[in-house]
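Hi,

Here is the structure I promised to pass on. Have a look at it first, and then read my notes below.

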Amino acid sequence: MTREEHLKYCSVCVNRKVGPNHETICRLTNAKADFDPTCPSYQFDNKPAQPQYARESSMGIGKAIFYVVLAIVAFARIATTIYKSNNNNRRDEYSQFNNILEESQRQREREQNRDQLGQLSDVEKEELGIKKASKDSTIVIDKFIDYTLLKNEYIMSSLMDEDIKLMARDKKNFSFVIHKFDKSDDVISDWEKLRILAGSKISPTQIAYKVLNENTFTYNVKNSFSLIHGKARYYVSGKNCYVFQYESSSKQNEITVDIGFDQVVKDHIQLKK
């Protein structure tokens, strides 16, 4: 890939930063991009582009101010409570303060679950090969399997290749992936090698999986910058193996992935006879 093609991804990736020569580099490798054709650590930045040093500085100052204000408020509330109130009133004040903290945590969780791809402009989506389905649509993988892209889900065509036949995400940032590779006596082990190879250019990747039945397993993909939890089901047809994966990088979504998997398969995967 050319430098210009790399920058189409790097310029809107949360892992970008400005190098010593004012060029865009990866904060994970401290070097210019060299992936081809995809970068497994790529994650869209839904905030307006700005110099990396300025963004890190403003984020650091903002966090510091937030925690200082939070500490002052906490101290003032506790001091006022001790001075004016009895034990019952103190418990009420502590409860109110805890409610504020809990709401702050809920707000952070809501931020994690917002539609990240939806924050991109139409031009950015076109450049990155991202399309949003206006209605339920059938995507033909091959003679064995079809995939249904549901209304308001995104297909990410620029990340698809010989091994990755389907890459899609929904508005809550759950990912759907179909890997296709040559028939194997140990499908999960060969799939594991593909996932490790995909992340080898960025950082060491570790995969742990647990087989649930003859063709379904859960897994965690861990590297230096993320932890992905997923559930997968594989199919074998003729000379080919197919692994359908449903996953999320958000800790709070692990239960949703496990419980909702069967319905996701039913809604999205159609096997042909």
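A search of the whole structure turns up zero disulfides, where a disulfide is a pair of cysteine sulfur atoms within 2.5 Å. As a reminder, a disulfide is a covalent bond between the sulfur atoms of two cysteines. "Buried" means under 20% relative accessible area, "exposed" means over 50%, and "partly exposed" is in between (1.4 Å probe, protein chains only).

Before you go further, keep in mind that this is a predicted model: local features need pLDDT of at least 70 and side-chain atom pairs count only at pLDDT 80 or more, while totals for chains, interfaces and linings use all residues. Residues are numbered from 1 along each chain as its sequence is written, and side-chain values use heavy atoms, with hydrogens and water left out.

Now the overall picture. The chain has six helices and 13 strands. These are DSSP runs numbered from the N terminus: helices are H or I with at least four residues, strands are E with at least two. Of the chain's 273 residues, 38% count as buried. The accessible surface comes to about 16300 Å², and 52% of that belongs to carbon and sulfur atoms; the areas come from the Shrake-Rupley method with a 1.4 Å probe, and for residues only the protein chains shown count as cover. Among contacts with a separation of 6 or more, 50% are between residues 24 or more positions apart. A contact here means heavy atoms within 4.5 Å.

Next, find the sheet. It is open, has eight strands in the order β3-β6-β7-β8-β12-β11-β10-β9, and the pairing is antiparallel. Two strands pair if DSSP finds at least two bridges between them. At the edges sit β3 (130–132) and β9 (206–213), each of which pairs on one side only. On average, neighbouring strands of this sheet are turned by 25 degrees against each other, direction ignored. Helix α6 (residues 254–268) packs on the sheet and touches β8 (175–182), β10 (216–222), β11 and β12, and its direction makes about 30 degrees with that of β11. For these angles, axes are lines fitted to C-alpha atoms (for helices, over the stretch in contact), and the values run from 0 to 180 degrees between N-to-C directions.

Seven of its eight residues are buried, so β8 is largely enclosed by the rest of the structure. On one side, five bridges join β8 to the antiparallel strand β7 (residues 164–169), and Arg169 stands opposite Ser175 in β8. β8 also pairs with β12 in the antiparallel sense, over eight bridges, with Ile178 opposite Phe244 in β12. β12 (residues 240–248) in turn pairs with β11 (residues 227–237) over nine antiparallel bridges; there, Tyr235 stands opposite Tyr242 in β12.

Which side chains make polar contacts with the side chain of Glu247? Glu247 is in strand β12, and at 8% relative accessible area it is buried. Its side chain has a polar contact of 3.2 Å with that of Arg195 and one of 2.4 Å with that of Tyr219. A polar contact is a pair of N or O atoms within 3.5 Å; within protein, one must be able to donate a hydrogen and the other to accept it, and residues adjacent in sequence count only if both atoms are side-chain atoms. Leaving aside neighbours within four places in sequence, the residues in contact with Glu247 include Phe174, Ser175, Ile228 and Val257.

Finally, two asparagines for you to look up. Asn173 is in the loop between β7 and β8, and it has a positive phi of about 70 degrees although it is not a glycine. Asn30 is not a glycine either, and has a positive phi of about 55 degrees; you will find Asn30 in the loop between β2 (24–26) and α2 (52–84). Are these residues buried or exposed? Asn173 is buried, at 9% relative accessibility, whereas Asn30 is exposed, with a relative accessible area of 51%.

Cheers
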